[in-house]
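I opened my notebook and went through this model step by step. Here is what I looked up, in the order I did it.

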Amino acid sequence: MDKLTIAPSPHVHGHDSVKRNMYGVLIALAPALAASLWFFGLGALTVILTSVISCVLFEFLIQKFLLKVKPTITDGSAAVTGLILAFNLPSNLPIWIIVIGALFAIGVCKMTFGGLGQNIVNPAIAGRVFLLVSFPAQMTSWPTPGAVDGMTGATPLGLLKEGLHTGKSISEIANLPTSTDMLMGNIGGSLGEVSAIALLIGLVIMLAMRIITWHIPVAVLGTMAAFAAIAWGIDPATNADPLFHLLTGGAMLGAIFMATDYVTSPMTKNGMLIYGFGIGLLTMLIRCYGAYPEGMSFAILIMNIVTPLINKYTQPKRFGVK
């Protein structure tokens, strides 16, 4: 009768941990990292190292000397924030601006709220939006992939927005990239968002490792595709086709790596679908009718704030509750 062991919970242990998932995200980001280095070279490496080192250093200093708690930089979360922030920046951005963005992301948007698990918005996205508002000229100067002379150009979404603003139809807008270029990454843009195929490989890795589920990426990209298909069907002369919208800008990076942040996304599957739908819809509304050619970061920030409300109304009922 001594075979019964009584012990407090938890009684079942899983293999998940913050460190495992964060390092898994870093592994999934590796293909996009390789693509950014291939297309943008030393500039991409400088931006990435500056952003990651700054984020890790600021988290260490704040925890060590301000909060006076044990630093948690080895869990990988600060490195993930730094890498995703870098992926949202042009490869020619001055180092001092990157450092400011890292400080805002870690110091204001993460540690001010108590650190990992308590931030209300995604720190990397908030850092990117802060820099875009504060330094719009530097944040919208896009080096041409493979250029060695500092040549810059517009992103595909920028070309589309500018051309439509001047009264041209899509067929009349020059220099729009092909689907192959957009898929592989031979286009202007933030250094980590240009290669759709690399980001899709990252999605497969995270799904295989069960770091995320399919609900948010599919909801975001599916909503964007449906919106673009309807608009394109109504007027193809002034609305780009769904594939264009899915392969350009921050669509893939946002849907796969930023919207799926554990802390700032809903906990239930129905909530994730609602959340993803909201991000996709807001992104397309901003792209098609807003002043900015891209809307992914703004859409995710808005839905981050709505997440507590989504959680409230999608949480399952307790057993026995009618």
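**Entry 1: charges.** Before counting, I noted the rule: Lys and Arg count as positive, Asp and Glu as negative, while His and the chain ends are not counted. I was working with a predicted model. In the protein I found 17 positive and 13 negative side chains. The centres of the two sets lie 18 Å apart.

**Entry 2: overall form.** I looked up the secondary structure next, and the protein has 13 helices and two strands. Then I asked what radius of gyration the protein has, and how that fits a compact globule. The answer is 21 Å, and it agrees with the value near 20 Å that a compact globule of 322 residues would have.

**Entry 3: surface and inside.** The accessible surface of the protein comes to about 16,000 Å². Carbon and sulfur atoms hold 69% of that surface. Of the 322 residues, 50% count as buried. For contacts with a separation of 6 or more, I read that 72% join residues 24 or more positions apart.

**Entry 4: cysteines.** How many disulfides does a search of the whole structure find? It finds zero. I reminded myself that a disulfide is a covalent bond between the sulfur atoms of two cysteines. I then checked Cys 109, whose closest cysteine sulfur is in Cys 55. The two sulfurs are 11 Å apart, so they are too far from each other for a bond. Cys 109 is buried, at 6% relative accessibility, whereas Cys 288 is partly exposed, at 26%.

**Entry 5: helix H2.** I picked out helix H2, residues 77–87, and asked how many of its residues are buried. The count is eleven of eleven, so H2 is largely enclosed by the rest of the structure. Among these buried residues are Val 80, Leu 83, Ile 84 and Phe 87. What do they pack against? I listed helix H1 (18–66), helix H3 (95–108), helix H4 (123–134) and helix H11 (251–258).

**Entry 6: Asn 122.** I found Asn 122 in the loop between H3 and H4. Is Asn 122 buried or exposed? It is buried, because its relative accessible area is 6% and the cut-off for buried is under 20%. I left aside its neighbours within four places in sequence and looked for its other contacts. They are Met 258, Asp 261, Thr 264, Leu 301 and Asn 304.

Entry 7: Which phi values did I note for Asn 175 and Arg 210? Phi of Asn 175 is near 70°, a positive value in a residue other than glycine. Phi of Arg 210 is near 60°, again positive in a residue other than glycine. Asn 175 sits in the loop between helix H6 (156–165) and helix H7 (179–184), and Arg 210 in the loop between helix H8 (196–208) and helix H9 (215–234). Asn 175 is exposed at 69% relative accessibility, and Arg 210 is exposed at 70%.

**Entry 8: Thr 166.** My last stop was Thr 166, in the loop between H6 and H7. Thr 166 counts as exposed, at 53% relative accessibility. I also looked up its distance to Ile 302, which is 136 residues away along the chain. Their C-alpha atoms are separated by 30 Å.

Conventions
Residues are numbered from 1 along each chain as its sequence is written. This is a predicted model: local features need pLDDT of at least 70, side-chain atom pairs count only at pLDDT 80 or more; totals for chains, interfaces and linings use all residues. Side-chain values use heavy atoms; hydrogens and water are left out. A disulfide is a pair of cysteine sulfur atoms within 2.5 Å. Buried means under 20% relative accessible area, exposed over 50%, partly exposed in between (1.4 Å probe, protein chains only). Helices (H or I, at least four residues) and strands (E, at least two) are DSSP runs, numbered from the N terminus. The radius of gyration is taken over C-alpha atoms; the globule rule is 2.2 Å times the number of residues to the power 0.38. Contact means heavy atoms within 4.5 Å. Accessible areas come from the Shrake-Rupley method with a 1.4 Å probe; for residues, only the protein chains shown count as cover. The place of a charge is taken as NZ of Lys, CZ of Arg, CG of Asp or CD of Glu.
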